[in-house]
Amino acid sequence: MCGIVGYVGPKATVDVLIGGLRRLEYRGYDSAGVAVVADGQLETRKKAGKLVNLEHEIAEHPLPKAHIGIGHTRWATHGAPTDGNAHPHLGGPAQKLALIHNGIIENFAELKAELLAEGTNFASETDTEVAAHLIARAFEQSGDLKAAFASVMNRLHGAFTILVVHQDQPDVVLAARRNAPLVIGLGDGENFLGSDVAAFVEHTKRAVSVGQDEIVVLKADSVEVFGFDGTPVNFTEFEVNWDASAASKGGWPSFMAKEIADQPQAIADTLMGRVRADGRVVLDDIQQMSTEQIREIDRIIIVACGTASYAGDVAKYAIEKWARIPVQVELSHEFRYRNPIVTQNTLVLAISQSGETMDTLMAIRYAQELGAKVFAICNTQGATLARESDAVIYTHAGPEVAVASTKALTSQIVAGYMLALALAEARGAMTEDARLALGRELLQLPASVSEVLANIDQASALGTAHANAKSVLFLGRNVGYPIAMEGALKLKEIAYIHAEGFAAGELKHGPIALIEEGQPVIVIVPSPNDVDSLHPKVVSNIQEIRARGAKVIAIAEAGDETVSQYAESVIFVPKTDSIMAAVLDVIPLQAFALALSTAKGLDVDQPRNLAKSVTVE
Ligand code: F6R
C-alpha cells in the first residue's frame, strides 16, 4: 500500500525518485507525486492515475535540478484517487514543507478538528494532510525541524511511514516509521529511503531496516536514527541479495509472465543449502528452537492471508502427514480478533511474501503476547515480519512485482515442505528412509516445474479460449483443494471474473447446483497411485459434473490416461509425491489466468483496486 522513496545526493534527484517509484509502483497505483527542494525552493508535482501520468506532468512542467527529494505512489485509503488527494501534501500557510505517507493515521479526525479550529485550510480529503500542517506549525514555533517532527510522530496513532522535506532545511529528509515499512539505502555521498529495497537497489546494495517507532535523519553524507523519544539508535546494515535486473521484466510481456517462468530458479534457490544430496533437510534457520522444544510443540497455527494462506493450507497437509503435529490454518485477520487458544507449546507460523501484511503482523504480535513462539516464512529481507519473528525461513524467490503472487507461493509451499521434514526428523515421526526419499523428491521439484513450463502453452491456449467465460469453477481434494482456491483467486484478481474453488467432495452438498450446460470446471486430479486412493473419488466427481453439462479441464499426473475419457482437455504434469504435486498443479492455473486476463486486454500486473503489499488492517 503506497510506495515511498527519498533521496539526498548528487544525482539527478527527479530521475532517482521516478526510478524508485517505478520499482515500487506495485505497492499502489492510484496516484503518484514528488517533491524536491532546489535553490531553497520547494517544488511538487502530483497526478492521479499511474506513474506514467506523473511522468507526463513532469515532462510538461519540468522540475528544477535538485539534490534532495521525496516521491510517493498511492493506494487510496482516505479520499478518492484524485490529483488533490495525491501525495505529497504541503504543510503550513507558507507551504514550505512537503510530506508523504504510507499507512493510516487513525486519530486524524481529532487532529484535523484541532487544526480547523485554528483556521488551517485543508487542500485534500486525506488523513495524511494533518501531519504536514502539524509539523509545519511545530517547526514555526520551535525552529527545530527534527524536534517538531518527533513531537508530531508521538501524537499520531495508527500505521505510518512518513517522509518530510522542508525548504528552509534543504539538506535533510526526515523519516519515521510505525507499523509500516521503511528501509535506508546507504550510498557513497548519497543516501536513500524506500518502502523496500527495490526503491534503491540499482544504486546501492547496502541497506538498513528501520525499527518500530524510529526516526531517520538522512543527509547526503550521514544517516542518524533516533527513537521517537529522541534516544540515538544503533543500526546494522545488511546486504541486499538480489540485483536490480531481478526487478525488471527482462523481455517478458509482463512481470507475472516473468515470475511464472522464474519458478524453477526460485524453488532451487529456496532449497539451496537446506536439502542435502541424500535428502536430509538441514534447516539452520530454525535453530533457535532446540530439538527438545520442537518435541514439546503440541499445535501449530499457521497465520497468513490470500495466496499465502493457501501455501499454509498445503503446509498443513505436509506437517500433519510427515511430522504428525496438529496444524490449523487461520486467516490472520480472523485469528487476531477471535480470542484464540494459544499456549507456550503452540508454534505460530506466519507466511508472507512481503513480510509487511498488517493483518499478519497484528496476528503474530498477539500470538507473542500470549507466549507463543513465532516462525516466519518470508520473501523480503529486512521486512517487519522477519524482524519480529523468533526465526525466519526466507524464501529466495527474488522480488515479486506482479500483484498476483506466483513464484512467492510455490517457494512458500517448498519452505513449508522443508519445515515439515525438519520437524519430522526432530520428532522422529517418520522412518529415516521415508524422510530422505521425500527430501530427494524435493530436490527434483525445480526440474519438474521446468517440465510443466515447457508445456505451458496448452494451459495458456485454454485461458485464451475462455476469455468470454462468465465464471470458472475449480475443484480439488487434499492439497488439490487449496490449489483449486488459488486458481480461483488468480482468476478473480487479474481477470475480474467469477471463480470459486471447492473441495471436490463438498460439491454434492450444495455447490453442484451451480453447474449448468457449458460451465467450465478445472479439476485437480490426484495421482492414481496415491496411497489414500483419492483418484477414483475425483474421477467420480468429474462424472457427476459432466452429467450436468460441465466442460472439464483436468490437471492430472503424466500417464493417467483414465482421466482423458472424462475431460474435454487434460494438462499432464510430471509424477511426484502426492503432497508435492501442489507445486506442479498450480502452475497451469497461473498460466490459464494470465492468458485469460491478457486476452481480455487487462493489466495483468496491476489489477484494479489492488496493491501488492497490504499494510493496513
Ligand atoms: C494474491 C496475493 C495476495 C497475497 C496476500 C498476502 O495473488 O498476492 O492474496 O498473497 O495479500 O500477502 P503477503 O504474502 O505479502 O503477506
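**Reading helices and a sheet in a predicted model**

Analyst: This is a predicted model. In it, the axes of helix α1 (residues 13-24) and helix α2 (residues 51-60) cross at roughly 165° and come within 11 Å.

User: How do I read that angle: are α1 and α2 roughly parallel or roughly antiparallel?

Analyst: Angles over 145 degrees count as roughly antiparallel. So α1 is roughly antiparallel to α2. The crossing of α1 past α2 is left-handed.

User: Which residues make the contact between α1 and α2?

Analyst: From α1, they are Val14, Ile18, Leu21 and Arg22. From α2, they are Leu51, Leu54, Glu55 and Ile58.

User: Why does the span of helix α16 agree with its 16 residues?

Analyst: A helix is expected to span 1.5 Å times one less than its number of residues. For α16 (residues 480-495) that should be 22 Å, and the end C-alpha atoms are 22 Å apart, so the two agree. Next comes Tyr496, with a positive phi near 55°.

User: Is α16 enclosed or open to the outside?

Analyst: Buried means under 20% relative accessible area. In α16, 14 of the 16 residues are buried, so the helix is largely enclosed by the rest of the structure.

User: What is the strand order in the open sheet of 5 strands?

Analyst: The order is β21-β20-β22-β23-β24, with parallel pairing. At the edges, β21 (498-503) and β24 (569-573) each pair on one side only. From one strand to the next, the twist averages 20°.

User: How many bridges join β23 and β24?

Analyst: There are 5 bridges between β23 (residues 551-557) and β24. Glu557 has Val573 of β24 as its bridge partner.

User: Which strands does helix α17 lie across?

Analyst: Helix α17 (residues 535-546) lies across β20, β22 and β23. Relative to β22, α17 runs at about 175°.

Note on methods. Residues numbered from 1 in each chain as written. Predicted model: local features only at pLDDT ≥ 70, side-chain atom pairs only at ≥ 80, totals over all residues. Heavy atoms only, no water. Pairing = 2+ DSSP bridges. Helix = DSSP H or I, 4+ residues; strand = E, 2+ residues; numbered from the N terminus. Axes fitted to C-alpha atoms, helices over the stretch in contact; angles between N-to-C directions. Contact = heavy atoms within 4.5 Å. Buried < 20%, exposed > 50% of the residue type's maximum accessible area, 1.4 Å probe, protein only. Parallel < 35°, antiparallel > 145°, perpendicular 65-115°, else oblique. Left-handed = near helix turned anticlockwise from the far one by under 90°.
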